[in-house]
Amino acid sequence: MPPVTEGPTPLFGAYGIVKRFGDFKANDGVDLEIRAGEIHALLGENGAGKSTLMKILYGLLEPTEGVVTHRGDIVKLANPEAARALGIGMVFQHFSLCENLTVAENIALVMPRSLGARALKKKMSTVGTTYGLHLDPDRPVWSLSAGERQRIEIIRCLLQDPRLVILDEPTSVLTPGEAEGLFTVLERLRDEGRALLYISHRLDEVRRLCSRATILRGGKVVGACDPRQESARSLAAMMVGVQVGEVKPPSGVPLGPERLVLSNLSLTTSGLHGTALVDISLTVAGGEIVGIAGIAGNGQAELFDALSGEALAPEAGMVAFDGQPVGRLGITQRRRHGACFVPEERNGHAAAPTLSLSDNALLSRHATAGLSRFGFLRSAATKALAQHVIGAFDVRKAGPDPAAGTLSGGNLQKFLMGREIMAEPGILVVNQPTWGVDALAAAHIRQALLDLAGRGAALLVISQDLDELFEIAGRIAVLHDGTLSRAVPASETSREAVGLLMGGSGGVGTEAVAPSSTREAASHAH
Amino acid sequence: MRIDLSPRTNRSRLMDGFAPILAFVVAVAIGGVVVAVMGRSPATAFVTYFIAPLSEVWSLQEVALKAAPLALIAIGLAFCFRANVWNIGAEGQFVIGGLFGGWIAVATHGAGGSTFWVLPLMLAVGTLAGVAYALIPAILKVWLGVSEILTSLMLVYVAELLLDYMARGPLRDPAGYNFPQSVTFDDAARLPYLMEGDTLHAGVLIALTAVVVATIVLARTLFGFEVRVVGASPRAARFAGFSDVRLTLAVFAVSGGAAGLAGIAEVAGKIGQLQPSISPGYGFTAIIVAFLGRLSPVGILVAALVIALTTIGGEGAQIDLKLPLDLTRAFQGLLLALVLGADALSRYRVLFVPGTAT
């Protein structure tokens with residue numbers, strides 16, 4: 001157990017931190033003090049400099065200027081080993097685990113070699129019992145859920161008895177139930193006198209867990225507060241610098257005819273770790289947004305591919321757009337049926353990062369926007385289309401037509417959403433519409449989705465963000481292990497109920513739904 | 001200390017254009033040192049390599065004649081390489097194009113009547129033979145997942161041995177005193193000379209046309225866009241609705257056709273008959289040319305001229321200065337390495353970061 005420190009000297013301090021990448025200052029004179037026995041939130045939009053600061057504290061980056069102190073003494077964190085030696089541990093957002101090794105083997109990878117296998121297992125079970133982090137040391141990692149994988153990362157971190165634990169977006173892959181379990185562990189660590197630096201964009205969690213928050217914007221500290229005294233909206237306003245408006249659903253829009261129908265869609269997977277889709281049925285009517293909740297890796301990517309035509313259904317009738325069977329058609333022909341698609345991965349799937357924005361406009365619109373004639377490109381029309389999207393969706397960029405990869409995540413997502421929404425699709429399928437997008441841009445995107453539904457389009461939104469789904473979706477279904485639960489009106493369900501289904505403990509409601517009953521349930525939630 | 005490459009935020013277009021020129025200058029400097037170490041005057045060697053071939057009409061024509069097939073093959077390969085498809089067998093497609101196109105010339109040898117169709121037929125058959133031969137590795141790749149690098153390379157030796165057999169066997173000139181070569185083609189089966197009494201033939205025009213056509217196709221057509229997208233991001237290309245199977249077949253066909261056309265143009269132009277060997281390795285050198293030219297048709301034309309110049313100059317140096325031909329090849333390899341290096345340096349800044357690597 002680390003000694004509990006009290007008093008004015010912070011456990012760790014960072015003063016005047018500047019980090020330059022070329023001409024760009026990712027951190028610009030940042031001060032941060034972390035005391036023992038507190039959970040300290042680090043808040044900010046994407047690109048505010050949170051990751052940079054975190055990497056400096058963990059010895060992954062060296063600051064251009066500024067110092068890091070430990071109990072008042074200046075320390076040099078040349079690499080993560082040095083940081084670990086000072087008692088700094090880190091739980092990364094993206095797990096660095098070997099899928100084919102067991103839990104114990106993955107933990108042994110980062111432990112001193114002198115520690116024997118039996119001693120390691122004993123330590124693991126001690127930590128496991130103390131904190132309620134139970135894991136079978138002999139299970140291979142690929143068979144574990146995201147929450148269980150995160151437990152490995154946390155145990156790896158705790159085995160080194162850290163005095164400061166840095167957590168980067170720890171709940172982004174967890175169900176609400178799993179997140180609760182994590183919070184209990186974190187509170188326990190805090191009570192032991194350890195310090196925790198908690199990075200999250202989920203403001204409700206921050207308000208619940210953290211006693212102090214430092215807010216970054218544009219690489220600078222713009223405020224500090226006690227999040228328990230703030231509202232989620234006031235925190236968001238501090239992060240983006242302006243008040244974030246709530247999205248307004250169009251009220252009282254009568255639902256149109258069924259536009260997107262999935263009938264008993266089953267799809268085997270080709271990859272080793274892919275998820276097979278099992279007997280999925282769903283209807284989406286014009287004017288409606290149906291949300292698909294679920295933890296990553298439960299078939300979202302497979303469902304998206306089956307809808308977009310990047311994966312073909314076994315039978316044409318399993319996927320129907322506006323009454324036409326399209327299950328055996330490729331993505332271009334499905335686009336010609338008036339459908340548009342926005343995949344989860346921006347760079348490398350929705351967009352080619354090295355190509356210009358106008359080339360990327362061409363990417364998904366070449367067949368449907370009259371951008372080519374007799375095989376020749378109409379570059380003026382393509383550029384005009386790109387500029388139109390850039391203007392309408394307020395895409396911030398450098399230069400008139402830069403490469404897609406040079407845009408920030410939020411701006412690229414705005415461009416890609418705009419590219420599809422401005423095609424005025426009858427059917428729009430979106431996977432993770434606001435993943436990694438700042439609050440302001442996310443609100444803009446959600447409003448655009450609601451407006452599109454208001455114009456009579458059928459929208460299917462796959463998202464891991466329950467807040468987002470409850471904000472925009474009329475009905476919500478849960479994808480778990482390749483099966484889809486019944487879509488229920490958002491007004492008639494709760495986060496807890498959806499959370500249970502996400503964890504696979506729904507019990508009822510996983511049976512396919514008959515189209516007739518869907519229509520009754522489809523009354524708009526708002 | 002560790003070394004980082006960080007992308008340049010404000011790349012100047014001037015530097016981008018200047019980088020390969022700088023690389024060339026550095027290559028010449030290194031070459032000069034090597035020549036000096038070998039006991040020859042670097043200045044004389046420079047003149048022999050780079051100035052002498054440009055100073056006489058005949059050697060200028062030789063440079064153009066060597067550059068033409070290199071450029072034509074490399075342009076076809078640029079389509080493959082941009083689409084991340086690795087056709088290493090252009091040499092074989094070149095040979096097959098020459099063989100089957102030349103077969104028409106042998107078969108129509110001495111035929112009476114109107115013969116205006118012979119040359120167009122030869123060019124068409126040579127091109128199509130190249131396409132067909134290139135489709136073998138392409139189909140194996142899309143159908144069975146066989147690495148096109150291995151199959152296309154191995155088919156080079158099959159093609160060379162086939163030509164060798166045909167030139168010594170079935171297509172040998174019966175009145176040729178058992179020399180392993182076919183009859184000399186009729187005039188109707190030869191590419192016309194551009195000027196009377198010169199060696200420069202119409203094959204050069206074919207290469208120039210290919211530069212123009214390929215530039216337009218890559219920049220202005222949906223097919224060119226497909227090639228660029230697949231090369232830049234294969235998953236995004238599938239999202240765009242471009243089939244990688246179709247594209248793999250298409251770019252193999254384009255590069256095979258270009259190599260086959262270059263092959264028959266070489267046979268019907270410079271050589272004028274079928275011999276056991278018709279290529280000094282054009283198909284392999286074209287790979288260097290394609291990358292030296294940064295996979296852009298105009299760049300490839302320049303690169304082909306530079307490589308042709310060093311080759312002709314190298315022959316001169318062999319004769320005048322007794323410098324080995326290997327030195328020329330080493331220089332060409334050095335040039336490629338330096339141009340690729342200069343490209344990387346114009347795109348990235350090198351940062352020396354103190355501290356231990358993590």
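Two strands pair if DSSP finds at least two bridges between them. Helices (H or I, at least four residues) and strands (E, at least two) are DSSP runs, numbered from the N terminus. The views below come from a predicted model, in which local features need pLDDT of at least 70, side-chain atom pairs count only at pLDDT 80 or more, and totals for chains, interfaces and linings use all residues. Residues are numbered from 1 along each chain as its sequence is written, while chains are lettered from A and ligands numbered from 1 in the order in which they are written.

**View 1. An open four-stranded sheet of chain A.** The strand order is 12-11-14-15, with antiparallel pairing. Strand 12 and strand 15 (324–325) are the edge strands, each pairing on one side only. Six bridges link strand 11 (residues 258–267) to strand 12 in the antiparallel sense. Ala285(A) in strand 12 is the bridge partner of Glu258(A), and Leu277(A), also in strand 12, is that of Leu267(A). Strand 12 (residues 277–285) is mostly covered, with seven of its nine residues buried; a residue is buried if 20 or more other C-beta atoms lie within 10 Å of its own, exposed if 12 or fewer, and partly exposed in between, with C-beta atoms placed from the backbone. In a regular strand the side chains alternate between the two faces of the sheet.

**View 2. The surroundings of Arg139(A).** Arg139(A) is located in the loop between helix 4 (117–131) and helix 5 (146–158) of chain A. This residue counts as partly exposed because it has 13 C-beta neighbours inside 10 Å. Leaving aside residues up to four places away in sequence, Arg139(A) touches Thr102(A), Val103(A) and Leu144(A); contact requires that the C-beta atoms of two residues, placed from the backbone, lie within 7 Å. Asn100(A) is 39 residues from Arg139(A) along the chain, and their C-alpha atoms are separated by 9.7 Å.

View 3. Chain A is assigned domain 1 (12–240) and domain 2 (258–521), with bounds from an automatic or database domain assignment. Their C-alpha centres lie 32 Å apart. Twelve residues of domain 1 and 17 residues of domain 2 take part in the contact. On the domain 1 side, helix 6 (176–191) and helix 8 (232–240) are the elements that give two or more residues. Helix 8 provides the largest share of that side, three residues. By class, the domain 1 side has seven nonpolar, four polar and one charged residues. Here Ala, Val, Leu, Ile, Met, Phe, Trp, Tyr, Cys and Pro count as nonpolar, Asp, Glu, Lys and Arg as charged, and the others, Gly among them, as polar.

**View 4. The contact between chain A and chain B.** Chain A contributes 30 residues and chain B 20 residues. Helix 10 (331–336), helix 11 (357–365) and strand 18 (376–377) are the elements of chain A that give two or more residues to its side. The largest share of this side, three residues, comes from helix 11. The chain A side divides into 16 nonpolar, eleven polar and three charged residues.

View 5. The secondary structure of chain A comes to 17 helices and 23 strands. Of its 526 residues, 46% count as buried. The C-alpha trace spans about 70 × 50 × 45 Å along its principal axes.
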